[in-house]
Amino acid sequence: MNNDPAHFLYDYLIETGISESIARYLNLIGLLLTTLIVVGILHFVIKKVIQRVSVLFARRTKTNLDDIAITNKLHRLLANVFPLLLAIELIPVVFADFDYLGGMALKFTNILAIILILNIAKSILRSLRDYLKTLPRYQDKPIDSYIQVFMIIGWIMAILTIFAIITDTSIWKFFTALGAASAVLLLLFKDSILGLVASIQVSMNDMVRIGDWITFEKYGADGDLIEISLATVKIQNFDKTITTIPTYALITDSFKNWRGMQESGGRRIKRALIIKQKNIKFLTPSEVNKLKEIQLLHDYLNLRNEKIAKYNQENNIDKSLLVNGRNLTNIGVFRKYMESYLSNHSALNKNMTMMTRQLAPTPQGIPIEVYVFSSDKRWKNYEYIMSDIFDHLLAAVTYFDLEVYELPTSIQKDGT
């Protein structure tokens, strides 16, 4: 009589008079059912124990890493480890009389073990990613890119190992073949490789961060960067649409990052009024006296008038013509008024560049540009401040006998 546990049922069936072939199959079925029941019970018990221990441990610890691991179902995956190891150990016993089936079952369970290891690694990496994103110093880093790189490497290793198990071939032969096929793999994973390189350079050089406002004219993107992955970058435009661009475009193409403006003391206002050239003139003494009624110009005009009068007198300038000697012009006084108005505006940052300047003449007229920085960088408030400034300047132009250029009505209608 055979004392082997694998043949316990087989020996019993033989003693009852059942044929050897039927006894072997019935013995296989019995052992298989017993193994499934034992493995199932063990899995259920371990799952309950690990789940309870994980919850108790998470409640007592201060860190939220364990809570995140539970959310990513790491404890459920770990509960499968011991039952699977038990199944692998019992397969030679269950299929003792069926070598071919035993080999197939062993390959199947080994493949399941590889998939389980891959899923555990995936859960760990996701938990680590979610945890790092809760830390301020990592919230703007492209963590997803690095996670995806590890997962790609993991999947490649897993697939090669599975092929090695199925074909009964050494895994090192697959790695040798992988080296020979590297050109094909580089072609297949070109975007991923470029994305990895881009992610590393972006992170090391601090080119962009999650949450940065960037403008990518080539792709029509203008908004907040919400995600950096291995292959793509997602930008939520201000109209709430999503633009997806390749990650490697961050290092191969030109884009504008507004982070410097957001971290500075103000947001730039750079806009010009175009003044008609035909209205520019020298100011007569009566016109100067009239402009002195403007409070922002009163002291300036008094001081300027004294200096001009003194210069003209010392140099015996004939003032029968205004063009002789030194004179005030309406556009020059208006530019000074703009400077005084801006310097007294409460919404502008006085510690940053603040000026008005005359640009080169154009066919439409003379551009007088405002170049200042608003203290409030929020988009809505910024637009309000800029509109408020130019509302006032547009209304003030007429006090200096100047006109702002606009396309003549006849041309607007005819289109010529």
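**Entry 1: α5 and α6**

I looked up the handedness of the α5/α6 crossing first, and the crossing is left-handed (left-handed if the near helix is turned anticlockwise from the far one by less than a right angle, right-handed if clockwise). I am working from a predicted model, where local features need pLDDT of at least 70, side-chain atom pairs count only at pLDDT 80 or more, and totals for chains, interfaces and linings use all residues. Residues are numbered from 1 along each chain as its sequence is written, and side-chain values use heavy atoms, with hydrogens and water left out.

For the geometry, I found helix α5 (residues 81-94) packed against helix α6 (residues 99-132) at an angle of about 160°, with the axes 10 Å apart. This makes α5 roughly antiparallel to α6. Angles under 35 degrees count as roughly parallel, over 145 as roughly antiparallel, 65 to 115 as roughly perpendicular and the rest as oblique. Axes are lines fitted to C-alpha atoms, for helices over the stretch in contact, and angles run from 0 to 180 degrees between N-to-C directions. Helices (H or I, at least four residues) and strands (E, at least two) are DSSP runs, numbered from the N terminus.

I then listed the contact (heavy atoms within 4.5 Å). From α5 come Val81, Leu84, Ile88 and Ile91; the residues from α6 include Gly102, Ala105, Leu106, Thr109 and Asn110. By class I noted 10 nonpolar, three polar and no charged residues. In this scheme Ala, Val, Leu, Ile, Met, Phe, Trp, Tyr, Cys and Pro count as nonpolar, Asp, Glu, Lys and Arg as charged, and the others, Gly among them, as polar.

**Entry 2: α14 and α15**

I checked helix α14 (residues 295-314) against helix α15 (residues 330-343): their axes come within 9 Å and cross at roughly 125°. That makes α14 oblique to α15. The crossing is right-handed. Leu296, Leu297, Tyr300 and Leu301 of α14 meet Val333, Lys336, Tyr337, Ser340 and Tyr341 of α15. I noted seven nonpolar residues, one polar and one charged in this contact.

**Entry 3: the sheet of β6, β7 and β8**

I traced an open antiparallel sheet of three strands in the order β6-β8-β7; two strands pair if DSSP finds at least two bridges between them. At the edges are β6 (267-275) and β7 (355-358), each pairing on one side only. Neighbouring strands are turned by 20° against each other on average, direction ignored.

β7 pairs with strand β8 (residues 366-374) over four bridges, in the antiparallel sense. I found arginine 357 opposite glutamate 369 in β8.

Strand β2 (residues 221-228) pairs with strand β3 (residues 232-237) over five bridges. Aspartate 224 faces glutamine 236 in β3.

**Entry 4: whole chain**

I counted 17 helices and eight strands in the chain. Of its 416 residues, 33% are buried (under 20% relative accessible area, with exposed over 50% and partly exposed in between; 1.4 Å probe, protein chains only). Among contacts between residues at least 6 apart in sequence, 63% join residues at least 24 apart.
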